[in-house]
Amino acid sequence: MAPQFEVPASDVIDWRRHIHAHPELSYKEHATSDFVMEKLTSFGLSPERPTETSVTVLIQGRGPGRTVALRADLDALPLQEETGDSFASTVDGVMHACGHDAHTAMLLGTARVLSGLTDSFDGAVKLIFQHAEETPPGGAKELVAQGVLEDVDAIFGVHMANQATGTISVRKGVTSTVAGGFFATIKGQGSHASMPQNGVDPVLVAAQVTVALNTIVSRSVAPDHMNVVNVGMIRAGEAPNVIPDTARIGVSMRTVGDEDWEVVRSRATDIVENTCAAYGATATFEWADGYPVIVNDDHVAQIGYDAAVQALGEDKVSWGPGTSASDDFAYFAREVPACFVFLGGGTAEDGLPYMNHHPKFDIKEEALEAGVRTEVQMALNYLAS
Ligand SMILES: [Zn+2]
Ligand SMILES: [Zn+2]
């Protein structure tokens, strides 16, 4: 018989509002992680701090078994909030615009529910409140290095998304993209424009590089993969009659898989270096590598889907398209079988047309109870599977 449980929905809403009003940037989640420590301790649990601003806690069931992890993230974004909410950010230029306030509050709700259900499951549930999701290299990578998944058999994550309130969407396989890019500084040789034979023109090289970079998506990866290589910035020169010393280009890249990322990254490197060499210029790179793709395990994704149906009803759950964004949950999903699902926080029909990372991004708080219910059910069902 599946255990029945009550969700402390109004507490979860209060916690979310408190966290929302006091956002902290990546790696600086001091007050937020203190808040989480304090709440978990008040539920009779014994939380730990694997890093300065992250928290984990193990909730042990009645007997031996596997360990399943649930993950939330604690950090906010460098944005000025424009929601007009009564509990809006009290910190200038910092805002919870990705729903991490909701993720943290929901996982606290899940902690409270599970701490009252320890007589009804075997094994253990590990809750991970990670720091620094928004800023590469990201907190997840650091937590994996700290060994937080060493005793974990599978992991679930829930992320707020712009979809119908309280609905869950799940996908098997690749669920997010890789996003990143680079700046390249092309070093030529400055000269008077009347004596081009004495110089190496980095403006011309940057133009050739730009054209060549645009062949990667059309020639080096499969046409149905929907990858992107975008030269969004070129800076060079001060005067029309001077050949400048350097030119700088900024390129963003997005791929649907880690393999394509390796291809696109290495083709871009070759094109920049070899085009420069052909004209007698050189290049230096500054890379911003994105997070890898999240690959949901088929079996664990099915458990997640079925658990969401059990928690919310069939009409609230669907197989979805995944996201074109990226999330460092990918590092957890590389270590153990994983399932990352999206929870609807409302759409334009609810007066919430704004996507994550927008200064007016907001959620319908009814979604929080659905999130807790789903998290608890996913953990229980995995342990019983
Ligand atoms: Zn985000
Ligand atoms: Zn996020």
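H100 sits in helix α3 (helices being DSSP runs of H or I, at least four residues, numbered from the N terminus). Keep in mind that this is a predicted model, where local features need pLDDT of at least 70, side-chain atom pairs count only at pLDDT 80 or more, and totals for chains, interfaces and linings use all residues. Residues are numbered from 1 along each chain as its sequence is written, and side-chain values use heavy atoms, with hydrogens and water left out.

**H100 up close**
- H100 is buried, at a relative accessible area of 0% (buried means under 20%, with a 1.4 Å probe and protein chains only).
- Beyond neighbours within four places in sequence, H100 is in contact with D73, L74, D75, E133, E134 and H159 (contact: heavy atoms within 4.5 Å).
- One partner, D73, makes a side chain to side chain polar contact with H100 at 3.3 Å (a pair of N or O atoms within 3.5 Å, one able to donate a hydrogen and the other to accept it; residues adjacent in sequence count only if both atoms are side-chain atoms).

**C98**
- C98 is found in the loop between β2 (63-73) and α3 (100-115) (strands are DSSP runs of E, at least two residues).
- C98 is buried too, with a relative accessible area of 7%.
- Setting aside residues up to four places away in sequence, C98 touches L77, H103, E134, H159, N356, H357 and F361.

**The annotated set**
- An unreviewed UniProt entry lists C98, H100, E134, H159 and H357 under "binding site"; such annotations may be inferred rather than shown by experiment.
- These residues spread over 260 residues of sequence yet cluster in space, with a largest C-alpha distance of 13.0 Å.

Definitions and conventions
Chains are lettered from A and ligands numbered from 1 in the order in which they are written. Buried means under 20% relative accessible area, exposed over 50%, partly exposed in between (1.4 Å probe, protein chains only).
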